[in-house]
Amino acid sequence: MIYFKLPFDERLLSADEKNIKNAVNFYSYNGSEQISFHGNIVEVNSEEFAHTLITNEEFINDPTFSSAETKEEYCQTLQEVIEVIKENNLPKLVYSRRKIFTDFNTINYKESFKNLCESYPNAFRYLFNDGKNAWMGAFSELLGKFNKSTHQFETMALAGTLPVSEEWSEKEIEEQKPVTTYIQDILKNYSDNVKQSETYDHISGNIKHLRTDFKTTIKSEDLDKLIQDLHPTPAVCGIPKDFCNENIRKYEKFPREFYAGYIKIETEENILYFVNLRCARLYKDAVHVFVGGGITAQSNPEKEWTETELKSEAILKNLVIS
């Protein structure tokens, strides 16, 4: 079962499973796992969906018996990460954690998903359960959009996070710059004409990011290679990629699974790739919310903790609990 909505599109979509064509693919952060939903992409009858019941009772129990990092543990580890950044003169490293929520009897996921869709109209929003894995998320970072007829390719650099009401500081501005440079450098390998926008505010619910857009034209046969080169972007990993990935494995307490991986959807006109942030893995007895942040030499562990708490609200505030 999968339900999803594309950005700025309120049609409820699914995969009809009537053929072996891959409609929607989820790729894990490290690329070792893939979940696919087959068939054609179809619009779901709203009346039919209104009578559908989706609750946590349908999901498996949490087999991990995990406990989330405390604030003290998080801040202590983050201080070590900041030292690694300083010692190696890194522009940025992304560190993430899980927030584990168990204080519920029943969660109505159909209504929770509807809330999520209303809260984030500019995001790719989804809810799925394949029998083993159940996930829900909403995020608006585009890893890639390829127009099958014009061969135009679009992507974005998205980094820096603040509550909507706050002003940008040097920390967030410096965090976004290497993401922009990284994407520009990769696109130049595929095209001589890359258009780059000014950097502007990108609103996502109760928080905002700094965003820069890119457009170019590529050969269709280069698309898969380009996506592999872009992923993971500095927005979810850091720079340099290999060194940051090594330290992510060393310091993070949990595997990322499908968090910070990407989602591929093929429509009639476009092939779309979305970064899988602001997401949670759903169990019968627990919700694992994945949250992270871009860490720089100027980062403050207390502030970073507050930022991840703010990000976790994207999922938690939309849950319909009884």
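Is F124 buried or exposed? At 1% relative accessibility, F124 counts as buried, since the cut-off is under 20%. That value, like the rest here, comes from a predicted model.

In one of them, F124 teams up with F274: the rings are stacked, with 4.9 Å centre to centre and 10° between the planes. F124 sits in strand 7 (residues 124-129) and F274 in strand 16 (residues 270-275), so this contact ties together parts that are 150 residues apart in sequence. F274 counts as buried too, at 3% relative accessibility.

Strand 16 also carries Y273, whose partner Y262 lies in strand 15 (residues 262-266); the pair therefore links parts eleven residues apart in sequence. Here the ring centres are 6.2 Å apart and the planes meet at 55°, so the pair goes down as tilted. Y262 is buried, with a relative accessible area of 6%, and Y273 is buried as well, at 2%.

The charged end of R256 sits over the ring of Y29, 4.5 Å from its centre. On F49, K110 lies over the face, at 6.0 Å from the ring centre.

Methods
Residues are numbered from 1 along each chain as its sequence is written. This is a predicted model: local features need pLDDT of at least 70, side-chain atom pairs count only at pLDDT 80 or more; totals for chains, interfaces and linings use all residues. Side-chain values use heavy atoms; hydrogens and water are left out. Rings of Phe, Tyr and Trp (its six-membered ring) pair if their centres lie within 6.5 Å; planes under 30 degrees apart count as stacked, over 60 as edge-to-face and the rest as tilted. Helices (H or I, at least four residues) and strands (E, at least two) are DSSP runs, numbered from the N terminus. Buried means under 20% relative accessible area, exposed over 50%, partly exposed in between (1.4 Å probe, protein chains only). A charge sits over a ring if NZ of Lys or CZ of Arg is within 6 Å of the ring centre and within 35 degrees of the ring normal.
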